[in-house]
Each structure stands twice: as C-alpha cells, then as structure tokens.
Amino acid sequence: MMQKPPMLTVADALAVLLDTDRPLVDDGSIELIPTLEANGRVLASAQTSQLNVPPADNTQMDGYAVRAVDCTSGAARLPVSQRIPAGHVGALLQAGTAARIFTGAMIPAGADAVVMQEMCEADGDAVWIRHVPKSGEWVRRSGEDIRSGSVILAAGTRLRPQDLGLAASVGLETLPVLRKLRVAMFFTGDELAMPGQPLKPGAIYNSNRFVLRGLLENLDCEITDYGIVPDNREATREALRRAAQEHDLILTSGGVSVGEEDHVKPAVEAEGRLNMWQIAMKPGKPLAFGEVRRASGGNAFFIGLPGNPVSSFVTFLIFVRPFILHQQGVAASALMPQALAMRADFDWSKADRRQEFLRVKINDRGGLDLFPHQGSGVLTSAVWGDGLVDNPAGKTIASGELLRFLPFSALLG
C-alpha cells in the first residue's frame, strides 16, 4: 500500500502560501485615490514630506509667550502687548512684555518660552508671571514631528486612520494604492440552507458564508459571492472555471476532505493543480491550496477551507489572512500579529500530535480561561473567546505557565 505523505506543519504550509509572486505589484495595479478614501488600502510607494511639521515654532498650551530673561524673579508683572490665537501671526515681542497666546499659535519672534495660564494672574492690561520659565518651555519646535524630506509612510503600509492623518498633516491630498484583491467565494454541500429558508431534515444553515464574507470585507477585498454550489463534480468544476476568469483568488468552504461527496479537491486537480493539502493543525486539517487555469491564460489562486465552522474560521485567520495581505503588497513584517505571552488559568492534558489553536478568553485576573468544548463545529467558542492559544504539537498545558496568545482584535482586521 502506498504510504501517505506526511502532513505539512503550520509553519511550512504558511511558507508555501507566502512563497508566491504578488500579482498586484505591476504598473496597471496602482490607483491614485483621495487620502480621505484610502483607509484600509495598501500604499504602493513610499510617501515623503515636503514640509516641516509643525511648520513653525508653536505653543503646546494656552498661556503667555515671554522672554525667559524677563521672568527670573518668579513674580514678574509684564504688560500684555498682543493677543495671538491659533492661525494668526503675532508681532515681534518687545522686551519686558508678554503675549497672550493660545494652543497651536505661532510663537512670536522675540519670545522663547510659554508660561501656562494656570501659573499666571491677569491684572488689567498686564499679567503676573508666577513661575520661572526655562527657554523652550511649552514650545513645539518646527519640524520636531516631521522633517521636510523624510519618509513618513513606507511602501506596503496597510493604511490606518492614523496613517491617513499623518499623510494629511503634510498636505497629501491623494495617495497611490494597489488595487483591491478580487476574491470569488462559493460553498459546497447539499445540506446547506440560507437563513429565511425552511430547514429540511438533515440541513444546516450556512454560517460559513457570513463569517468568510465578513472576514474578506475586513480585508477590503472586492468580493464576488457565488453562494451555494450543487454538491457534484461537474457543477464544482463549472464554478471554478467561472470564478477563475475575473478573480485573483477563489475561496471555498467544504468539499476538501477525502469523502466520496467531497468534490472540490478533485475538481481543482482537473481544472488546475493543488500545491498543498492537509495541515498538521487542529482545527483545520483539510486545507487545500492551488491554482485554477483561466481560459484567457494565467491562473487564479485557490484556497479550499474545511466545512466545519471553527475550522473554516481559524484556517482563514492563520492562512488566508496573511496570504491576502501578502498578495495585496503588505510588508512581510505585518502579515501576522505578534503573539502575546499570557498566563494559562486552566489545565490541558490532551496533548495532540497536531499544532492546536484553542479558543480562550481573558479573565479579570489577567489570565486566560479555556472554552470547555473545543470541537471544530462549536462556533460559540469563537464568539465567546478573545483569541487563540497557539499550542505546539504534543504539548500539554499546566495552569500558571505562559502561552502564546493571538488576540482576535489583531487577527480580524
């Protein structure tokens, strides 16, 4: 009897997925879009500031702009010579005077410090300075945030709200981004029904469609949802052919195991090739990766996820998410979040030969609690939990030891 090849480890499988060219990095893939609309998109080229931020010395506080040498007594009474709101330019500050100034306003020439208003006392047209300021106190220097000519955002940055604010702060009205990844998705299984339909004997509602579509939307993909495909070989092959034509990636759920009714794997092999199948992980062993031929030439990538809801969810987070980010041109360092070291407040005596991803919740003591039922069909565990414990193959867990924790907050966006 022919021996089965060993299952790939999670690390080896991820290396296979990421060892692919990025099809979006070409001349036709770059779009110039308004900075206001660039949230979640991937920056195609590094962005450089053409100005200093702040552009001029300004005050961090409401108070009085002074010359420090005029305030050495700790109780100096200075006439107020001018008032400078933000957005206005003051006149030269004469020796022995103070300027009323408001947060963000430019420091007038001649002044070298700001005394916060809490340390001052207004006295008609003058002010008592009840503080001995140092030169530079409460002054933001020109360029202390950003220097003209410096790179503010690297190519491959997946743009977040704070990145857009940084781009806006140097006057960038538009940003060059890579086009969205085009993803086709469909689901196999004659037992699947949609909410709103009557549930026949033996049928289940298709929760994976909602989970996977939401995950793809979080990654800002352009999605074509083909819904549920009939559970037969020819219908699956037709769906693959149709999906390959206009998409970069085909994502399916179900039909990648070894049963007689699992048609996705042989259909992909007929329409293209499988590069990888079966991973030494729990949940999620029957994950497939390959390519489907396009009639017009070239190939679309294919990833087939397991049908069990938790298996589908976890394998998306561990494999599909970094693959999509890689294809979108995101920098390699940002493809997977850093695991956090957190304390187990549970025991796990069932060591498995596969690498496990356990659903856990952060408790009010700063440790991790384990969901009591870790089955691959228990979607409740993913709703209850705050993240996954990445537990190596063959390892038990004792209460009190530190574990590798992957928070959902870092995996779902």
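1. How do the residues of the lining of the second largest pocket divide into nonpolar, polar and charged? In this predicted model, that lining has 10 nonpolar, 6 polar and 4 charged residues. The second largest pocket holds about 380 Å³ of space, and among the 20 residues that line it, Arg158, Arg160, Arg321, Val330 and Ala334 lie nearest its centre. Helices α6 and α8 (408-411) each contribute at least two residues to this lining.

2. The largest pocket has a volume of about 580 Å³, and of its 40 lining residues the closest to the centre are Gly307, Asn308, Pro309, Ser311 and Ser376. Elements that give two or more residues to the lining include α3 (207-218), α6 (309-327) and β23 (355-362), with the largest share, 4 residues, coming from β23. By class, the lining of the largest pocket has 13 nonpolar, 17 polar and 10 charged residues.

3. Turning to charged contacts, the structure holds 26 salt bridges. One of them joins glutamate 217 to arginine 213, with the closest N and O atoms 3.5 Å apart; because these residues are 4 apart in helix α3, about one helical turn separates them. Arginine 213 also meets aspartate 225 in a salt bridge (3.2 Å, N to O), and this pair links distant parts of the chain, since aspartate 225 lies in strand β16 (residues 222-229) and arginine 213 in helix α3, 12 residues apart.

4. Glu234, Arg237, Glu238, Arg241 and Glu271 are linked in a network of salt bridges. Within this group, arginine 241 and glutamate 234 meet at 3.0 Å, N to O; arginine 241 is partly exposed at 28% relative accessible area, and glutamate 234, at 45%, also counts as partly exposed.

Notes. Residues numbered from 1 in each chain as written. Predicted model: local features only at pLDDT ≥ 70, side-chain atom pairs only at ≥ 80, totals over all residues. Heavy atoms only, no water. 1 Å grid on protein atoms, 1.4 Å probe; cavity = no way out; pocket = protein on both sides within 12 Å on 5 of 7 lines; lining within 4 Å. Points joined across faces, edges and corners; volume = space filled by probe spheres on them. Nonpolar A, V, L, I, M, F, W, Y, C, P; charged D, E, K, R; others polar. Salt bridge = Lys/Arg side-chain N within 4 Å of Asp/Glu carboxyl O. Buried < 20%, exposed > 50% of the residue type's maximum accessible area, 1.4 Å probe, protein only.
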